[in-house]
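Visitor: Could you take me in for a close look at one part of this model, and then show me what else is worth a stop on the way out?

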Amino acid sequence: MKYKLLVLDVDGTLLNDAKEISKRTLAALLKVQQMGVRIVLASGRPTYGLMPLAKSLELGNYGGFILSYNGCQIINAQNGEILFERRINPEMLPYLEKKARKNNFALFTYHDDTIITDTPENEHIRNEARLNNLKVIKEEEFSAAIDFAPCKCMLVSDDEESLVSLEGHWKRRLNGALDVFRSEPYFLEVVPCAIDKANTLGALLEQLDVKRGEVIAIGDGVCDVTMIQLAGLGVAMGHSQDSVKVCADYVTASNEEDGVAVAVEKAIIAEVRAAEIPLDQLNAQARHALMGNLGIQYTYADEDRVEATMPVDHRTRQPFGILHGGATLALGETVAGLGSMILCQPDEIVVGMQVSGNHISSAHEGDTVRAVATIVHKGRSSHVWNVDVFTSTNKLVSSIRVVNSVMKKKMTDEKKELDNY
């Protein structure tokens, strides 16, 4: 496949204004992962605040990653391993605290599932805590209470002019020691030197041996510009400011109009050909799902036929040592599901509607059965598959009929425009 990595900003990109992943976006992202594309959540949020989103997207099952603190950490979503990390020298904290107090700014940092701050009543800090499900701990002597190296520190004020002034001063004063930037009109972020989403993403690409041309990056803010420019395909959200849009290869719909799904359907799903389906990656990534638990492995896939194998062992047999009928039906639905996924259009989703089977003969423990799914009916609203299951000696075990429902997604004006891109 052309693209191997999909990098997504979170707030204003992956999430709509209600801070939710829409059903259409979730379906599209699960689908591209099933096709072998790994997802990176790249956000200014702390790692703890991104974990629930990673779980919703099943990143742990598909080899995804969390790029948190605007680039200070990379976490392997599968096992929680820290792949990359940069932190602020604690010796800098008294200086940051001094400047914050001089300007009457609130100050906070993150630590595991907490926010540590000298101003817990600040509205923006309380909102940040709610957004990431963090507890707030008050420490009046901020720098003295921090006994660890933080990933980043945040100065907070509604006096945007003063924040801009301090940002300009620190860009000169702290050059080579720390980097500063405003992520919101009321937030001034302080991070280790040379840390941003693009630089950290570059480190991940090197570890994964993935080329820039194999990456799609989608974002909406100024903090996303560098990663949009780094990617082979950089996408700006429809509501982004012009300075972000001009840096992108094209502009998708807004986060309220499923912009991520629109871009993914156009750039990835519409471009996939059956011969390009990475069966080895699908098999590896499904090891934590039902398919993996039953030992099912895809062996062949095109637009008319899908094949897979399944062992008859302790996972799939009855107490009497023969293949369980329920496992056989699960095998049938698995191969028919992949077949419909290959056939459906980018603006369609497929869900199982009915499965029935006739069990003709038995397969015994120690054997490996083979399922062959062929398309019987390809309609606009449904696919009907016949799935025959054979033993290793080509004896017919079961004949299964699977009906999948094909549902059309609403096509927005922005999607129609992208089709002309």
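**Around the cavity, and onward**

Guide: Two helices, H1 (10–14) and H11 (259–267), each supply at least two residues of the lining of the largest cavity. Keep in mind that this is a predicted model. The count here comes to one cavity of 30 Å³ or more, and the largest cavity holds about 50 Å³ of space. Its lining is made up of Thr13, Leu14, Leu15, Asn16, Ser22 and Thr25, together with Asn255, Asp258, Gly259 and Val260.

Now on to Lys152, which sits in the loop between helix H6 (142–145) and strand E9 (153–156). Is this lysine buried or exposed? Lys152 counts as buried because its relative accessibility is 1%, and the cut-off for buried is under 20%. Setting aside residues up to four places away in sequence, Lys152 touches Gly44, Tyr69, Asn70, Ile88, Thr109, Tyr110, Glu189, Val190 and Val191.

Trp170 has 0% relative accessibility, so it counts as buried.

Next, the cysteines. The disulfide count comes to zero. Cys193 is in no disulfide, and the nearest cysteine sulfur, on Cys72, is 12 Å away. Cys193 is partly exposed, with a relative accessible area of 35%, whereas Cys344 is buried, at 8%.

Let's finish with a couple of strands. Ile375 is in strand E18 (residues 368–378), and its relative accessible area of 22% makes it partly exposed. Beyond its neighbours within four places in sequence, Ile375 is in contact with Glu303, Asp304, Leu343, His383, Val384 and Trp385. For a sense of scale, the C-alpha atoms of Ile375 and Met237 are separated by 38 Å, and the two residues are 138 apart along the chain.

Asn386 lies in strand E19 (residues 382–390). With a relative accessible area of 16%, Asn386 is buried. Its side chain is joined to that of Asp388 by a polar contact of 3.4 Å. Leaving out neighbours within four places in sequence, the contacts of Asn386 are Val372, Ala373, Thr374, Val376, Ser399, Ile400 and Arg401.

Technical notes: Residues are numbered from 1 along each chain as its sequence is written. This is a predicted model: local features need pLDDT of at least 70, side-chain atom pairs count only at pLDDT 80 or more; totals for chains, interfaces and linings use all residues. Side-chain values use heavy atoms; hydrogens and water are left out. Buried means under 20% relative accessible area, exposed over 50%, partly exposed in between (1.4 Å probe, protein chains only). Helices (H or I, at least four residues) and strands (E, at least two) are DSSP runs, numbered from the N terminus. Contact means heavy atoms within 4.5 Å. A polar contact is a pair of N or O atoms within 3.5 Å; within protein, one must be able to donate a hydrogen and the other to accept it, and residues adjacent in sequence count only if both atoms are side-chain atoms. A disulfide is a pair of cysteine sulfur atoms within 2.5 Å. On a 1 Å grid over the protein atoms alone, a cavity is a set of points where a 1.4 Å probe fits but cannot get out, and a pocket is an open set with protein on both sides within 12 Å along at least five of seven lines; lining residues have an atom within 4 Å of a point. Grid points are joined across faces, edges and corners, and a volume is the space filled by probe spheres set on the points.
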